[in-house]
Amino acid sequence: MDISITRVEKQGKRPEDSALGFGTIFTDHMFNMDYNPEKGWHNARIEPLHNFSISPATMTLHYGQTIFEGLKAYKTAKGEIQLFRPQENFKRLNSSARGLCIPEIDEAFALEALKELLKVEKEWIPETPGTSLYIRPTVFATDPFLGVRASHTYRYFVLLSPVGAYYAEGFNPVKILISKDHVRAVRGGVGEYKTAGNYAASLLASEKAKEEGYAQVLWLDGVEQKYIEEVGAMNIFFVINDELVTPMLNGSILPGITRNSVLQLGRKWGMKVSERKISIDELAQAHKDGSLTEAFGSGTAAVISPVGEIKYGDNIMHIGDGTPGKLAVKFNEAITNIQYGMAEDTENWIEKL
Ligand SMILES: *Cc1c(COP(=O)(O)O)cnc(C)c1O
């Protein structure tokens, strides 16, 4: 499929790297492509960023049939532009598509289209270490129809946003709250897909956690509310008796690419690594007897986010000494060094433009 390119007349100006936050500034161009049953995916185009004009009956607005991805483009000290395991994002986009009855997108084409878009927008990729260009591929249902069924037509778009260093204020441990009243996802549901409804479902618990002074919610499984699943937009890891433990994928946990990268590195480094069920009782016991030495989250936005406190009911568990754990630091450095081209890409994770 050909990709047509329409450029803006005058390029916008990227803010100073130090002024960048997250997700508020967008680049000059976007990628768009449409789907209908007759033509399949068609009309692939890079064009100036613009608002969409949609019917108030657009099915996405009513029934939430929409999926997305999140990845980043990094600029190395040599000025090269690189992506971190982008094939995995498009693979997961198609997994989400199958889960939400959305037609799949050719993964190789989606990557090629992204690279074309990045070539047009390369001036928008910030260069200070820690900054990057956040990439948001999204698919949404476009039929104007008020009945419940899968849409027949869709839009795929890619939006780009230069983002600041996640740890501008330092790599400090965060406090997370285990929700007893709410669950995020259930087995057989859509928890393993990156779909809007999962985030809508998480808001009330997140608001309550923030009111209590906690940065994020740590979710338990939706069936027994006994096993640990994940944090808002991050997967979770624990170090217990020198074993690196993360909950096994069970259908209601989002299969994070950072999670997978941490597991791969941990195994390579010869650590004892387990993907298994971990109950809140086991965690509380490990905290009590001192064998729980670290906890950290993993995700594209922060890479690694050390956790210094977990609250479950009346039990407030402090983990570590208020500074980031050794392994959190080690995984964070190893992964970001590869992303920014400061370490050899031993795992074959980098895709250069
Ligand atoms: C995106 C996401 C993650 C992390 O996935 P990465 O591929 O590592 O960025 C974890 N949990 C949820 C709910 C997510 O949406």
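1. A polar contact is a pair of N or O atoms within 3.5 Å; within protein, one must be able to donate a hydrogen and the other to accept it, and residues adjacent in sequence count only if both atoms are side-chain atoms. By that rule, a polar backbone atom of Ile257 lies 2.8 Å from an oxygen atom of the ligand.

2. This is a predicted model, where local features need pLDDT of at least 70, side-chain atom pairs count only at pLDDT 80 or more, and totals for chains, interfaces and linings use all residues. Numbering runs from 1 along each chain as its sequence is written, and side-chain values use heavy atoms, with hydrogens and water left out.

3. For Tyr199, a side-chain N or O atom is 2.3 Å from an oxygen atom of the ligand. For Thr258, a polar side-chain atom is at 2.7 Å. The protein covers 96% of the 380 Å² of accessible area (Shrake-Rupley method, 1.4 Å probe) that the ligand has on its own.

4. The ligand is surrounded by 15 residues (a heavy atom within 4 Å). Lys194, Tyr199, Glu230, Thr258 and Thr300 are the closest. The shell holds five nonpolar, six polar and four charged residues; Tyr counts as nonpolar here, and Gly as polar.

5. Now the fold. The protein has eight helices (DSSP H or I, at least four residues) and 18 strands (E, at least two). Its C-alpha trace spans about 60 × 50 × 35 Å along the principal axes.
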